[in-house]
Structures are given as C-alpha cells and as structure tokens.
Amino acid sequence: MSPAARPTIDVVVTGLGATTPLGGTFDETWQAVLAGRSGARVLDEDWAAELPVRIAATAAVEPTTVLEASAARSLDRSQQFAVVAAIEAWQDAGAPDVDPERLAVVVSTGIGGVTTLLEQDEVLRTRGARRVSPFTVPRIMPNGPSAAVGLHLGARGGVHSPVSACASGAEAIALALDLIRAGRVDVVVCGGTEAVVAPLPMAAFAAMRALSSRHDDPQAASRPFDKQRDGFVLAEGASVIVVESAEHAAARGRTPYARVAGAGLSSDAHHVAAPDPSGAGAARAVSGAIRDAGLNPRDIVHVNAHATSTPAGDVAEAAALRTALGPAADSVVVTATKSCTGHLLGAAGALEAAFTVAAIRDGVVPAVRNLDDPDDDVALDVVRIEPRRMAVPAAVSNSFGFGGHNVALALTEV
Amino acid sequence: MTEQDILTGLAEIVQEITGIAADRVTPEQSFANDLDIDSLSMVEIATAAEDKFGVSIPDAAIDDLKTVSDAVSYIAKAGVPA
C-alpha cells in the first residue's frame with residue numbers, strides 16, 4: 001500500500017538543549033546516559049522527611065546560577081529550566097537568523113508552576129493577600145514556560161503549550177512538526193519542562209503508588225523492564241530542541257542532526273491513569289508515526305521507550321510495540337533512558353526525542369541501567385550493560401501520559 | 001530617617017527585585033522609562049517598601065510614583081519617623 005500524499009516540507013532538528021539531573025547541558029546529559037549514570041538520590045532535605053517516598057532526581061545545575069538574577073526572579077523554576085535549555089538549543093542551532101514572525105515556540109509542561117502556587121498560598125495564609133506576588137499568575141500558568149522562552153527569543157510567530165501530562169514534551173514536538181509542515185512558520189523552538197520535586201506532588205504521586213520506594217538503593221530504583229521494578233523516580237529539568245524546515249536549514253548552511261519524520265497521536269479512553277493493558281492506544285500512536293513518516297515497521301531499528309519502570313506500564317508498552325511493529329519487533333533495539341534520568345514528566349518526551357536524535361547522529365543506543373533480570377513479558381531486544389554501536393537510520397520515541405495520551409515521534413537520519 | 005536613607009533603602013529594593021544596580025537608582029530616574037521596570041515589578045517594589053519603611057502605599061498611589069524622587073517623597077510624607 002502506498003502511503004498517502006506526503007507533506008512536501010521536510011522538518012529537521014538543528015539544535016539540542018537540556019538541563020537535567022545528569023548535567024546542565026544536553027551533551028553532559030547524553031554522555032552520562034551513555035555511561036549509565038543515575039541522577040537519583042534519597043532527598044535529605046527537611047521537607048521530605050515525612051514523605052512515604054523520598055527518592056527523586058534533582059537538577060544537576062541550579063537554573064538560578066545560570067540565568068541573570070533579574071530574569072530568574074519573575075520565573076517559576078519550571079520556566080527557568082525551560083529558558084536555560086532553550087538558550088542552549090538556540091546557540092547549538094547557530095542562533096538562526098529568522099524573521100521573528102516565522103519563529104514559533106512550543107514548550108510544554110505536565111503540571112506547571114505548582115511550587116509557586118504552594119509557596120504563594122503559604123504567603124496568603126501567613127502574610128495576607130497584599131503580600132501575594134504579582135508574578136504568581138504568570139509563574140503558575142501552564143503556558144508560562146512557552147511564553148518565557150518566546151519572550152527571551154523574541155518569537156512572534158506564535159507561542160503554544162499542548163498539555164498531556166507525561167506526553168507533553170513529545171506532543172510539543174508533534175505540534176512543531178505540524179506548524180512547519182503547514183507552512184505557518186519556518187523555525188520552532190520546542191520541548192518540555194517540569195519542576196515538581198516538592199512535598200505535595202511527591203505525596204500525590206506516592207498516593208497513586210506510582211513511585212519506587214527503593215530507599216536503600218535509590219540509583220537502582222528506576223529499572224524499566226526489570227522484574228524487580230516497583231515504580232518511577234520523579235525527576236526535574238527541561239529539554240528543548242530547535243526544529244526548522246529543511247529548506248530553511250539548508251539556506252543558512254546548517255547540517256541537521258536528524259529529521260522529525262512523523263508523529264502519531266492517540267488516546268486510550270480506558271482509564272485516567274492506568275495504561276490499557278493491551279497497549280492498543282499506544283500501538284496506534286506508534287503505527288501512526290511510522291505511517292506519517294512514510295515508513296514501514298521494518299524500517300524502524302530503534303525505539304526509545306516511554307518505560308517509566310512501573311509494573312503495568314512497561315509491559316503494556318512492550319505489547320504495544322509488538323502490535324505496531326509486528327515481526328519487526330523481534331529485531332528492534334529498545335532503550336529506556338528513564339533508568340538514568342528518572343521521569344521528567346512533561347519534559348520526558350522532549351528529552352527522549354533529543355536522545356533519539358543523538359542516537360541517530362552518533363550511531364549509538366544507550367543501555368538500560370539496572371536491567372538485571374528482564375521481565376519475561378517484555379520479550380524485546382532491550383539494550384543492557386553496554387551501549388550498542390549501530391547505525392540508526394530510523395527510530396521511534398514513545399511518550400504516554402495520565403489521561404490516556406499516547407504520542408510517538410518518528411525520527412530519521414537526514 | 002532622611003530622604004537619603006530612604007533613597008538608599010529604595011535602591012536596595014529595586015536592585016533585589018529587578019537586578020538593576022543600586023547606584024543607577026537616582027532621584028530623577030523614571031521607573032518605567034529610564035529603568036524599564038514594569039507594572040508588576042512596581043507592585044513588588046511598593047510591597048517591599050511598605051515592609052521596609054513601615055508605611056502604606058495603596059494601589060492608587062503606585063500609579064503616581066513616576067520617578068524615584070516621587071517614591072522617596074511619598075515614603076517620607078507617609079510617616080517615616082524622623
């Protein structure tokens with residue numbers, strides 16, 4: 001069957017940025033993932049003492065040490081991370097000379113400025129309404145990170161923020177792909193950010209029994225696809241990438257790292273938090289991305305799995321990959337980088353897309369840390385122990401979110 | 001407290017909130033036009049000044065504080081003990 005008429009505008013990746021528990025830049029983060037390092041620790045801060053789960057992966061570099069104090073002061077921590085990652089990506093792309101009206105920003109967050117909300121609620125209750133910061137609303141609004149990046153870069157072609165929990169960062173890239181294909185803009189700075197390592201969010205995720213409680217060995221807590229997995233490790237940070245039309249990149253003499261070849265989006269309509277055990281919705285997203293890219297399942301040699309290290313989610317994703325890829329699932333090389341980074345929620349999809357771009361660029365797939373005893377129900381070629389050197393002509397990065405959101409991105413060599 | 005003391009204290013607040021060096025905060029400077037301070041930051045500055053100088057600066061008054069000198073005079077008249 002021949003694919004439907006292909007969009008004529010190719011979209012490429014020309015810049016990568018991140019600030020994560022593994023490093024203050026994308027390259028530091030990528031090298032740490034290739035080395036199999038973990039960003040997780042047991043929180044020894046006083047505020048965490050009474051929490052049922054005290055494991056998290058906090059940012060390696062405080063954003064306030066990178067940004068000017070005056071710029072940082074009006075921003076929520078999630079917005080600070082977004083601006084730091086966007087500056088890196090923008091510089092990595094060679095600071096494109098683009099008409100501001102042809103430049104858009106799509107930076108998403110899963111949860112938004114909840115720490116500002118809680119802090120200002122404390123101000124309200126202890127010091128009164130007149131002491132509540134006038135920056136509270138711009139700090140807590142879910143579009144705040146995208147707006148902050150747009151302001152910083154002077155983007156006048158639109159600032160957007162699709163929100164889909166832990167699929168938000170991937171959905172941001174999917175929207176960027178659509179914007180460029182539709183001819184609305186030439187360059188999009190896109191990605192995700194999250195900063196919710198704080199008492200209430202941690203207590204709330206713990207109440208869902210979603211977090212690993214492996215306090216005696218926090219760096220072994222995130223173990224996607226392993227038999228002993230017991231939940232995810234909450235992490236914070238941001239990843240932002242620069243995508244642009246291939247024509248625009250060529251005109252300014254940039255060699256892209258990879259193509260954003262396609263996106264697939266679906267929803268489970270199964271349960272607000274639990275994955276559909278059949279993986280049917282996720283499979284439709286993966287198939288959609290492959291079809292959108294004009295590829296066949298056998299073209300896909302690598303998958304960066306969403307795999308958060310929860311008992312139900314990881315096997316549902318394995319089932320989805322088998323459904324979507326068919327016989328090609330036997331040979332696809334899978335990784336799960338949350339084993340190193342922890343789960344950056346709304347930033348995760350963007351960070352893992354960036355890892356997938358780097359895998360294509362560098363010809364290497366990272367190993368899954370802590371995968372000591374693979375789950376029999378997974379039955380995929382999941383990379384263990386050592387990164388695997390291999391050509392990666394085409395890959396898929398998966399992201400799923402509470403609410404039943406499924407987003408798959410197809411990324412290929414240029 | 002002299003007007004000079006108020007100016008010094010106000011300049012410290014402006015520096016803390018906006019990052020603008022305190023020595024740039026001189027009486028003739030306009031908050032909006034010279035120092036590029038937006039209306040939300042002005043609310044923060046007024047609130048911090050209320051705490052620091054023990055005065056009340058109602059919202060309606062903030063709009064009239066165009067220059068640093070306006071603010072110093074307002075705070076002085078609002079009852080800082082001499």
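**Notebook: strand pairing, domains and chain contact**

I began with one residue pair: Cys190(A) stands opposite Ile241(A) in β8(A). I note that this is a predicted model, in which local features need pLDDT of at least 70, side-chain atom pairs count only at pLDDT 80 or more, and totals for chains, interfaces and linings use all residues. Residues are numbered from 1 along each chain as its sequence is written, and chains are lettered from A and ligands numbered from 1 in the order in which they are written.

**Entry 1: β6(A) and its partners**

I took helices (H or I, at least four residues) and strands (E, at least two) as DSSP runs, numbered from the N terminus. I counted two strands as paired if DSSP finds at least two bridges between them. On that basis β6(A) pairs with β8(A) in the antiparallel sense, over eight bridges. I then looked up β4(A), which runs parallel to β6(A) and is joined to it by seven bridges. In that pairing, Leu103(A) has Val187(A) of β6(A) as its bridge partner.

Next I asked how far β6(A) is covered. A residue is buried if 20 or more other C-beta atoms lie within 10 Å of its own, exposed if 12 or fewer, and partly exposed in between, with C-beta atoms placed from the backbone. I found eight of the eight residues of β6(A) buried. One side carries Val187(A), Val189(A), Gly191(A) and Thr193(A), and the other carries Val188(A), Cys190(A), Gly192(A) and Glu194(A); both faces are covered.

**Entry 2: a three-stranded sheet**

I also traced an open sheet of three strands in chain A, with the order β2-β3-β7 and mixed pairing. β2 (41-42) and β7 of chain A are at its edges with a single partner strand each, so one side of each has no neighbour in the sheet. Two bridges join β2(A) to β3(A) (residues 55-57) in the antiparallel sense. There I recorded Ala56(A) of β3(A) as the bridge partner of Arg41(A).

**Entry 3: Val12(A)**

I placed Val12(A) in strand β1 (residues 11-19) of chain A. Val12(A) is buried, because 25 other C-beta atoms lie within 10 Å. I counted residues as in contact if their C-beta atoms, placed from the backbone, lie within 7 Å. Leaving aside neighbours within four places in sequence, Val12(A) has contacts that include Val243(A), Pro256(A) and Val414(A). Val243(A) is 231 residues away along the chain, yet its C-alpha atom is separated from that of Val12(A) by 5.4 Å.

**Entry 4: two domains of chain A**

I noted domain 1 (11-251) and domain 2 (262-412) in chain A, with bounds that come from an automatic or database domain assignment. Their C-alpha centres lie 20 Å apart. The contact takes 61 residues from domain 1 of chain A and 55 residues from domain 2 of chain A. On the domain 1 side, the elements that each supply at least two residues include β1, β4, β6 (187-194) and β8 (237-245) of chain A. α7(A) gives the most to that side, with eight residues.

I sorted residues by class: Ala, Val, Leu, Ile, Met, Phe, Trp, Tyr, Cys and Pro count as nonpolar, Asp, Glu, Lys and Arg as charged, and the others, Gly among them, as polar. The side of domain 1 of chain A that touches domain 2 of chain A has 34 nonpolar, 19 polar and eight charged residues.

**Entry 5: chain A with chain B**

I found nine residues of chain A in contact with seven residues of chain B. The chain A side comprises three nonpolar, two polar and four charged residues.

**Entry 6: positive phi**

Most residues other than glycine have a negative phi. I therefore listed Ala95(A), which is exposed with 12 other C-beta atoms within 10 Å, and whose phi is positive, near 45°. Ala95(A) is in the loop between α3 (77-92) and β4 (103-109) of chain A. In chain B, Asp36(B) has a positive phi of about 60° and is not a glycine. Asp36(B) lies in the loop between α1 (3-18) and α2 (39-53) of chain B, and is exposed, with 11 other C-beta atoms within 10 Å.

**Entry 7: chain A overall**

I counted 13 helices and 16 strands in chain A. Of its 414 residues, 59% count as buried. Among contacts in chain A between residues at least 6 apart in sequence, 81% join residues at least 24 apart.

Note on methods. Two residues are in contact if their C-beta atoms, placed from the backbone, lie within 7 Å.
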